[in-house]
Amino acid sequence: MEHVDTCEIFCFDEHKVNRVKEKLNKHDFKDMAQIFKVLADHTRLKVAYALCDEDELCVCDVANIIGSTMATASHHLRLLRNMGIAKYRKEGKLVFYSLEDEQLKQMIRLAMKHQKEVVGVE
């Protein structure tokens, strides 16, 4: 017997459907998706996580943390900055980055916690 995971009717609870559709129309999911797209790269996610752990890091320190060249670290940090995820400041010849938003830090920490629970890794 074939198992079908689709409904045989068009709409079960029209009130719920309309309520959720109304809420969806109030948000810009393209911008939200861009944030997830930028963080979907494992190297950028490592960088963002490092910036969650420390309030601020120099580009050269980020390069050491992720095991890359300074150019690569700078590239990833610049993408995070361009998306409004990170901010930077210059101090002489040094460039320091930090995460812009506490909610984003919480989201990254929550993703790490979730992964530990699902995979069982500490």
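Analyst: A disulfide is taken here as a pair of cysteine sulfur atoms within 2.5 Å. By that criterion, a search of the whole structure finds 0 disulfides. This is a predicted model, in which local features need pLDDT of at least 70 and side-chain atom pairs count only at pLDDT 80 or more, while totals for chains, interfaces and linings use all residues. Residues are numbered from 1 along each chain as its sequence is written, and side-chain values use heavy atoms, with hydrogens and water left out.

User: How do you know that Cys7 is in no disulfide?

Analyst: The nearest cysteine sulfur to that of Cys7 belongs to Cys11 and is 9.3 Å away, whereas the definition requires the sulfur atoms to be within 2.5 Å. Cys11 is likewise in no disulfide, its nearest cysteine sulfur being that of Cys7.

User: Why is Cys7 called exposed, and what is Cys11 called?

Analyst: Buried means under 20% relative accessible area, exposed over 50%, and partly exposed in between (1.4 Å probe, protein chains only). Cys7 has 67% relative accessibility and therefore counts as exposed. Cys11, with a relative accessible area of 33%, is partly exposed.

User: Why are Glu56 and Arg89 called partly exposed?

Analyst: Glu56 has 32% relative accessibility and Arg89 has 35%; both values therefore fall in the range between buried and exposed.

User: Which residues are linked with Glu56 in a network of salt bridges?

Analyst: Glu56, Arg89 and Glu91 form the network. Its other pair is Glu91 and Arg89, whose side chains also meet at 2.7 Å, N to O. Glu91 is partly exposed, at 43% relative accessibility.

User: How many salt bridges does a search of the whole structure find, and where do Lys105 and Glu102 lie?

Analyst: The search finds 4 salt bridges. One of them joins the side chains of Lys105 and Glu102, at 4.0 Å, N to O. Both residues lie in helix α6 (residues 102–119), 3 residues apart, about one turn of the helix. Lys105 is buried because its relative accessible area is 10%, whereas Glu102, at 44%, is partly exposed.

User: Is Ser98 buried or exposed?

Analyst: Ser98, in strand β3 (residues 94–99), counts as buried because its relative accessibility is 10%. Not counting residues up to four places away in sequence, Ser98 touches Leu51, Asp55, Glu56, Ile85, Ala86 and Lys87; contact means heavy atoms within 4.5 Å.

User: Which residues form the nonpolar patch on the surface?

Analyst: The patch consists of Val20, Leu24, Phe29, Met32 and Phe36, with about 450 Å² of accessible area together. Patch residues have over 30% relative accessible area and no salt bridge; like charges are joined within 9 Å, and nonpolar side chains (Val, Leu, Ile, Met, Phe, Trp, Tyr) within 5 Å. Accessible areas come from the Shrake-Rupley method with a 1.4 Å probe; for residues, only the protein chains shown count as cover. Met32, in helix α2, has a relative accessible area of 34% and is partly exposed. Helices α1 (14–24) and α2 (29–39) each supply at least two residues of the patch, and α2 gives the most, with 3 residues.

Methods:
Helices (H or I, at least four residues) and strands (E, at least two) are DSSP runs, numbered from the N terminus.
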